Amino acid sequence: MTGPVAVVPARTACIAAALAALATPALAADDAATTWYAGGAVVFGNLKFDDAAIDDDAAGGRVSLGYRFNRWFGIEGSWLETADFEDDQLPAQPGGDAELGLDGFTLSAVGYAPYISNEDLAFYGKAGVYVLDQNLVVRDAAGVATEGSARRIDGLAVGAGLRAKVSERVDMRAEGEWVDLDGADLWLLSLGVDYRFGAPR
C-alpha cells in the first residue's frame, strides 16, 4: 500500500468534467421524465485484491442525488460507505487480521432503455468515476494494530439496474456495480428506495 494522495488525479477530474458536459441544455427535456430524485440503499459488497491479500464480503450503505433530463439520460452523485472487509493474514495461526474500509463519492452518467421498459419498470446502465478513502489496519494474533494506512484512490465504475414504480413518487431500485479499484475488484449489489421530487411519472 502506498501513502496518502493529497489531490484528485487529473484523469478523474477530466472524466468528471466530461460527464458534467453531457448534462447540457442540448438534451431536450421530456417533462414527463424530467425530475430530481434522492434515495438510499443497503449495499452488499465483495472485495478481492489481485494478490488475494483480502477477499471478503461486507455490507454498507449509499445515499444518492440524481437528475433525469429526459427518457434517455440522467446524472447521479452518491456517497458510499462500507463496513470493514477482513481477511486472515496469518492463515497458519489464529488472528492476524487485515481490515479495510471504503468511503467516498461517485459521479455517474445514467442511460435508460425506455423501449424495453414501461411506466412501472425502467432498466438502466451507468458509468462514472469514484473518489474513495481507503483505510487499512493490520492486527497481530493478539488483536494489536501493527500496521495502518489511509489513502485516496480513484478510478472507473460501471453498473446496471432496474427501477420499479411503487407509487407516484417512490421507486424501488436494485443495482449491480463493478468498481475498478487499485489492485482489486469491488463488486456491489444494492437494494434501495428513491423519492422523486418532480411531476408524478
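Biologist: How many bridges join S3 to strand S5?
Modeller: This is a predicted model. In it, strand S5 covers residues 97-112 and runs antiparallel to S3. The bridges joining the two strands number nine.

Biologist: Which residue in S5 is the bridge partner of Phe73?
Modeller: Strand S3 spans residues 73-82, and S3 runs antiparallel to S5. Across that pairing, the S5 partner of Phe73 is Gly111.

Biologist: How many bridges join S2 to S3?
Modeller: S2 and S3 run antiparallel. A hairpin of four residues links them. The count of bridges between S2 and S3 is nine.

Biologist: Which residue in S3 is the bridge partner of Val63?
Modeller: Strand S2 covers 55-68, and it is joined to S3 by bridges. The S3 residue that partners Val63 is Trp79.

Biologist: How many of the 10 residues of S3 are buried?
Modeller: Buried here means under 20% relative accessible area. By that cut-off, strand S3 is mostly covered. Its buried residues number seven.

Biologist: What share of the residues of the protein chain count as buried?
Modeller: The protein chain has 201 residues. It exposes about 10100 Å², with carbon and sulfur atoms supplying 64% of that area. The buried share of the residues is 37%.

Biologist: What pattern does the protein chain follow along the sequence?
Modeller: The secondary structure comes to one helix and nine strands. Read along the sequence, the pattern is α-β-β-β-β-β-β-β-β-β.

Biologist: Among contacts between residues at least 6 apart in sequence, what share join residues at least 24 apart?
Modeller: Contact means heavy atoms within 4.5 Å. Pairs at least 6 apart in sequence form the set. Those at least 24 apart make up 63%.

Biologist: How much space lies in the largest cavity?
Modeller: The structure holds three cavities of 30 Å³ or more. The space in the largest cavity is about 100 Å³.

Biologist: Which residues that line the largest cavity are the closest to its centre?
Modeller: The lining has 13 residues. They divide into three nonpolar, five polar and five charged. The closest to the centre are Ala41, Ser64, Arg173, Ser190 and Asp194.

Biologist: Which element gives the largest share of the lining of the largest cavity?
Modeller: Elements giving two or more residues to this lining are S1 (35-49), S2 (55-68), S8 (170-181) and S9 (184-196). The largest share is five residues, and it comes from S9.

Definitions and conventions:
Residues are numbered from 1 along each chain as its sequence is written. This is a predicted model: local features need pLDDT of at least 70, side-chain atom pairs count only at pLDDT 80 or more; totals for chains, interfaces and linings use all residues. Side-chain values use heavy atoms; hydrogens and water are left out. On a 1 Å grid over the protein atoms alone, a cavity is a set of points where a 1.4 Å probe fits but cannot get out, and a pocket is an open set with protein on both sides within 12 Å along at least five of seven lines; lining residues have an atom within 4 Å of a point. Grid points are joined across faces, edges and corners, and a volume is the space filled by probe spheres set on the points. Ala, Val, Leu, Ile, Met, Phe, Trp, Tyr, Cys and Pro count as nonpolar, Asp, Glu, Lys and Arg as charged, and the others, Gly among them, as polar. Buried means under 20% relative accessible area, exposed over 50%, partly exposed in between (1.4 Å probe, protein chains only). Accessible areas come from the Shrake-Rupley method with a 1.4 Å probe; for residues, only the protein chains shown count as cover. Two strands pair if DSSP finds at least two bridges between them.
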